[in-house]
Amino acid sequence: QVQLVESGGGLVQTGGSLRLSCAASGSIASINAMGWSRQAPGKQRDLVAHITTSGSTNYADSVKGRFTISRDNAKNTVYLQMNSLKPEDTAVYYCYVDRIFLRRSWGQGTQVTVSS
């Protein structure tokens, strides 16, 4: 299996920034895409940002222009730089990795709270 450990969550004011990190370990040889999803209380889990091995990205419309996903393949780590944070961004953020022929693997999640 692959283990994913998120870090960087916390409490920030509206307009602030956070940088989330997610380090993968274990069975990482076949990692393809990586990304982030989030889930607010009572809401579905939605894609935030996705990045392929080659660096192609896509974002939820709600975060375009504010969030940037990146990865360090040598470190098996994916990052999410979050700027201009809004209260609507408050959620548990989960990183994930996709591996060839395997289902998506998820981290435990890290809480991001943006005060209004």
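Strand 8 is largely enclosed by the rest of the structure, because five of its six residues are buried. Buried here means under 20% relative accessible area, with exposed set at over 50% and partly exposed in between (1.4 Å probe, protein chains only). Strands (E, at least two residues) are DSSP runs, as are helices (H or I, at least four residues), and they are numbered from the N terminus. The model is predicted, and local features need pLDDT of at least 70, side-chain atom pairs count only at pLDDT 80 or more, and totals for chains, interfaces and linings use all residues. Residues are numbered from 1 along each chain as its sequence is written, and side-chain values use heavy atoms, with hydrogens and water left out.

Two strands count as paired if DSSP finds at least two bridges between them.

On one side, strand 8 (residues 77-82) is joined to strand 7 by six bridges in the antiparallel sense. Asp-72 lies opposite Thr-77 of strand 8, and Phe-67 has Met-82 as its bridge partner in that strand. The hairpin of strand 7 and strand 8 has four residues between the strands, and Asn-76 takes a positive phi near 50 degrees there. Strand 3 also pairs with strand 8 over six bridges, again antiparallel. In this pairing Ala-23 stands opposite Thr-77.

The largest nonpolar core comprises 27 residues, and those with the most contacts inside it include Phe-67, Val-78, Leu-80 and Met-82. Such a core is a set of buried Ala, Val, Leu, Ile, Met, Phe, Trp, Tyr and Cys residues joined through side-chain atoms within 4.5 Å. Among the elements that give two or more residues to this core are strand 3 (18-26), strand 7, strand 8 and strand 9 (91-99). Not counting residues up to four places away in sequence, Met-82 touches Gly-16, Ser-17, Leu-18, Leu-20, Arg-66, Phe-67, Tyr-93 and Val-112, where contact means heavy atoms within 4.5 Å.

Two arginines have charged ends over aromatic rings: Arg-19 over Tyr-79, 4.1 Å from the ring centre, and Arg-45 over Trp-106, at 4.6 Å. The criterion is NZ of Lys or CZ of Arg within 6 Å of the ring centre and within 35 degrees of the ring normal.
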